[in-house]
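Hi everyone, thanks for making time.

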Amino acid sequence: MPNAIPQNRLDALIAAYGEDRAGTGAVPSPAQWQALAALDPAKPVTLINYFKLAPQGNEAMMNYAAVSMPSLEKLGGRFLLTAPFAGTLMGEAEDWDMIAIGTYPEARLVFALFEDPAYREAYAHRKTACLRQKVLIAAG
């Protein structure tokens, strides 16, 4: 399936969010944007977010959440879980502080969220809050 999101929209997102030069997972790489764009835009997608917070990151994360949660809900998405990371049951042990799992009824809505001006502005708080982060995609 060709990219469901036109290249000019991807280019605009890459320009708006920048690159992760520090390697902290702060923003999607161009290849990660492309992989998201290659999903069927009408099928649901769930994002599993792992956060390692900076020493003073809680307040910045709360500022981010104050915008991101209602923005996701406005698009028809919802959070399935936001909770402290409790450990690894199987596989390699990892060290995170928090997990947030958000689901979208259609993959194209992830792009709509990132294109929302209020969300884009609030995203700076997420970057400030995190020493590193990882987001996994489950699509169906």
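This is a predicted model: local features need pLDDT of at least 70, side-chain atom pairs count only at pLDDT 80 or more; totals for chains, interfaces and linings use all residues.

Residues are numbered from 1 along each chain as its sequence is written, and side-chain values use heavy atoms, with hydrogens and water left out.

Okay, helices. Find α2, residues 30–37, and α4, residues 108–115. Helices here are DSSP runs of H or I with at least four residues, strands are runs of E with at least two, and both are numbered from the N terminus. The axes of α2 and α4 are 9 Å apart, and the two helices pack at about 135°. An axis is a line fitted to C-alpha atoms, for helices over the stretch in contact, and the angle runs from 0 to 180 degrees between N-to-C directions. That makes α2 and α4 oblique to each other; under 35 degrees would be roughly parallel, over 145 roughly antiparallel, 65 to 115 roughly perpendicular, and the rest is oblique.

So who touches whom? From α2 we have Trp-33, Leu-36 and Ala-37, and they meet Val-110, Phe-111 and Phe-114 of α4. Contact means heavy atoms within 4.5 Å. The residues of this contact are six nonpolar, no polar and no charged.

Now the rings. A search of the whole structure gives 11 aromatic pairs. To pair, rings of Phe, Tyr or Trp (its six-membered ring) need centres within 6.5 Å; planes under 30 degrees apart are stacked, over 60 edge-to-face, and the rest tilted. Take Tyr-17 and Trp-33: their centres are 6.1 Å apart and their planes are at 45°, so this pair is tilted. Tyr-17 sits in helix α1 and Trp-33 in helix α2, so the pair ties together parts 16 residues apart in sequence.

Is Trp-33 buried or exposed? It's buried, with a relative accessible area of 1%, and Tyr-17 is buried too, at 4%. Buried means under 20% relative accessible area, exposed over 50%, and partly exposed in between (1.4 Å probe, protein chains only).

Trp-33 also pairs with Phe-111: centres 6.1 Å apart, planes at 35°, so tilted. That one links α2 to α4, across 78 residues. Phe-111 is buried as well, at 2%. Ring pairs join Tyr-17, Trp-33, Tyr-64, Phe-111, Phe-114, Tyr-119 and Tyr-123 into a cluster.

Last stop, charges. There are seven salt bridges, each a side-chain nitrogen of Lys or Arg within 4 Å of a carboxyl oxygen of Asp or Glu. One of them joins Glu-115 and Arg-9, at 2.7 Å from N to O. Glu-115 is in α4 and Arg-9 in helix α1 (residues 7–17), 106 residues apart. Glu-115 is partly exposed at 27%, and so is Arg-9 at 29%.

Then there's Lys-134 with Glu-94, closest N and O atoms 2.9 Å apart. Lys-134 lies in strand β4 (residues 130–139) and Glu-94 in the loop between β2 (78–84) and β3 (98–104), so parts 40 residues apart in sequence are tied together. Finally, Lys-52, Asp-95 and Asp-97 form a salt-bridge network. That's me done, thanks!

How values were computed:
Ala, Val, Leu, Ile, Met, Phe, Trp, Tyr, Cys and Pro count as nonpolar, Asp, Glu, Lys and Arg as charged, and the others, Gly among them, as polar.
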